Amino acid sequence: MSEMNFTLDGKAIPCAEGQTIMQAALAAGVYIPRLCYHPEFKPHGSCKLCTVKVNGRQAASCTQHAQHGMVVESNTTELNDERRALLQMLFVEGNHFCPSCEQSGNCQLQATAYALNMMSSHYDHFFPDRPLDASHPEYLLDFNRCILCSLCIRASRDVDGKNVFGLAGRGINTHLIVNAKSGQLADTDFTADDKAAHVCPVGVILRKRTGFHVPIGQRTYDIQAISAMNSTEEAEK
Amino acid sequence: MVADTDKHATYLDQILERRGSDATQLLQILREAQEHYGYIHTDAIDYLSSRLAIPRVKIEGVASFYSFLYLQPQGEYRVLFSDNITDHMLGSAGLLKHMCEQLWLEPGKVSEDGLVSIDITSCTGLCDQGPAMLVNNIAINRLTPARIDKICELIRKRVPIFSWPAELFVIEDNIRRKDILLDSDYLPGASLSALLARGTVETLGEIKKSKLRGRGGAGFSTSSKWESCRAAHGQHHYVVCNADEGEPGTFKDRVLLTSYADQVFEGMTLCARIIGARRGFLYLRGEYRYLLDHLQIVLQRRREQRLLGTSILGCADFDFDIDIHLGAGAYVCGEESALIESLEGKRGTPRNRPPFPVTNGYLDQPTVVNNVETFAASSLIALHGGDWFAATGTPASSGSKLLSVSGDCERPGIYEYPYGVTVAQVLADCGAHNAQAVQVSGASGVCVAPNEYSRRIAFEDIPTAGAFMVFDQSRDMFEVARNFVHFFAHESCGFCTPCRVGTSLLKNMMDKLAHNHGSLYDFNEIEKLNQLLLSMSHCGLGHAACNPVLDTISKFRPAYDKRLTHQQFEPAFDLDRALSQARQMTGRDDPGSHLGGAHPGETT
């Protein structure tokens, strides 16, 4: 029996039964832009940044299973233009002020925007009013930067077994909430050891009093472009 | 003194007992809790969280997803004006203003004494007898200033809504044209007897022969769906009837469920026999809450007639029953996988597909989801055979289609035609003279211009879920499109980035044009946004959101041109409009309170 594979931008990518296009691409060291995907969790398919063309039709590569002989396009001008527009949407939906953000240089939204040559936010900003939650002694929640990737929700539910986070509201009013009657993180069973404390791709879930231990300029994506990293694990180091 | 939690425990215990303390019934439990208490109290959430063993974050997530569920105190009387374009054309905005003035309150806010709140809601499915409203989720039609005054009086006197005069709640069928579906002398049980006489596989063969296709608009082959589900492995199989008729301008399911409920339930029952299901659901949109008691009575009668329940028609291995699941104001739940999520007591977010419901549906089991009209048609096919059905309509679109006709015409209502009828024929029959445009299949459908009136209603030309909204020459097609764009932004579920943000961006762009800040730049932006939503959105809602704008731009360009007041790009921000709040606070509207020669009264 011959090995299964598909082509991604003309390059042969080996794949296994049940593997998604994203998983196969990651294993082969090929970068597909993504924000809500994390190899340790069940794919969600909501940010749509990883959308590729499979035999000419758009599909989220994190949820689409790889099949032998598929022809997949990813790094094309058309798709990258659309991905850039999605990033711009995320930037105007929340309040993202990179120069003053303590996650600058460690933020996947910012790093992906650099990778896709986003030069401006293009659309009119929504400037939503999103109060901070500083109730927890060790952690701060800055909802201004939330991109609704749901990684903290999945980590808390599936790994920590806690359900600290959840989504509320609908449409443009969708927002992150915590599992407490007071609505405050301090009143949940969240701890610094939780997986959920370490998966936020942007700057919502922040450890207090550590923000500038590593100076800007020496941080993860200051040193290496996100597109050059082989896997998300590497990015997290 | 009774502790607060005990207060909620008392009514919640009754609801939980009725619902078997089943977390998949969460939406129904929340809806009933609210019907009892007026809103969903935070203590009630705590109590449900412990009793159902689900985190409160999940309960809040569900409650905040649906428009008709409230986590904050609401007025004793919650008034929601239907906001479809057809309601607007019948004067709903003026009536809303009139009512607010009568009761001294602002739209979207609860009156200071907690008596009443007034707001708008998506199309309530009464377009043929609008303007319409819901009061505590019960439908009232044909609003006039006099009827509004009467309602205000009843509210001021705190008359319980079930004691209001019955004439406020008379919803008419308005059936104007009958064909094979509506014109049958249907006897409850006839189709099931025919099914048992003919045999299960043979009946499926008749459905196949009939070439019946789904009536929700997508037109998937009904027999293929039933066959796949029948063949799928699972512990249980389920039948779901999609009565979440949320597409603006559509109201045919309302009429079928009012006057042809037996036919619908019988279609579900024969589907159950074919796919091997013992349990079915009717997912009824929250706007049709007023039909719930009537439908429960029909179901109970059918149980007594042995047309539901165990050993149907005395057949030992034929068990099937139907529960009614009420929605709570979420258009996206009309998408079948979002509907299933909602049935399971979750937020109505469309699933990643594949897998499809026929293999992995309700509780991950094989599930058939079909439209109300599809089930009604299937019961007739079981009775009269596939050839009889296929003799009506066109080769690719067999049978008939119910159209919900509304807007600028003399005789709005339900028109049943064989597939293949022209738009012109429908316009002539409903008494629409001088129609400028017809929006077929609702906000997500197509806008048809006069030079296309010879086109046909059929899957091979204009497919439709049934809406047929007529606009005469006096209507502004830009405002029609803007109304639909606002609808999509309100109904986007928020799951995927392109639809969540894109529909709101589009809404802001259309508002920008409406406020006379438009230029060619904005046109190009709208077209780019459409491309992005088509390409990247998770489900059909996002794919369709730009349709009304693109259609009207290409066919009714003058309506847009008059908004293109600028050659060069202009920002949406308008300093004079931004000062309107300050003007309101100071009670001024004189020329001195406006910038740059703007005229009083023009800024909102």
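Me: What makes residues of chain A and chain B count as being in contact, and how many residues does the contact take from each chain?

Reply: In this predicted model, two residues are in contact if their C-beta atoms, placed from the backbone, lie within 7 Å. The contact takes 29 residues from chain A and 30 residues from chain B. On the side of chain A that touches chain B, the elements giving two or more residues are α2 (77-93), β7 (165-168) and β8 (175-178) of chain A. Six residues, the largest share of that side, come from α2(A).

Me: How do you know that β1 and β2 of chain A pair?

Reply: Two strands pair if DSSP finds at least two bridges between them. Strand β1 (residues 5-8) and strand β2 (residues 11-14) of chain A have four bridges, in the antiparallel sense, so they pair. In β2(A), I13(A) is the bridge partner of F6(A). The two strands form a hairpin with two residues between them, and D9(A) in the turn has a positive phi of about 50 degrees.

Me: Why are β5 and β13 of chain B said to stand at the edges of their sheet?

Reply: The open sheet of six strands in chain B has the order β5-β11-β10-β14-β12-β13, with mixed pairing. Both β5 (175-177) and β13 (446-448) of chain B have a single partner strand, so one side of each is left without a neighbour in the sheet. From one strand to the next, the twist averages 30 degrees.

Me: What joins β5(B) to β11 of chain B?

Reply: Two bridges join β5(B) to strand β11 (residues 413-418) of chain B, and the strands run parallel. I175(B) stands opposite I414(B) in β11(B).

Terms used
Residues numbered from 1 in each chain as written. Chains lettered and ligands numbered in written order. Predicted model: local features only at pLDDT ≥ 70, side-chain atom pairs only at ≥ 80, totals over all residues. Axes fitted to C-alpha atoms, helices over the stretch in contact; angles between N-to-C directions.
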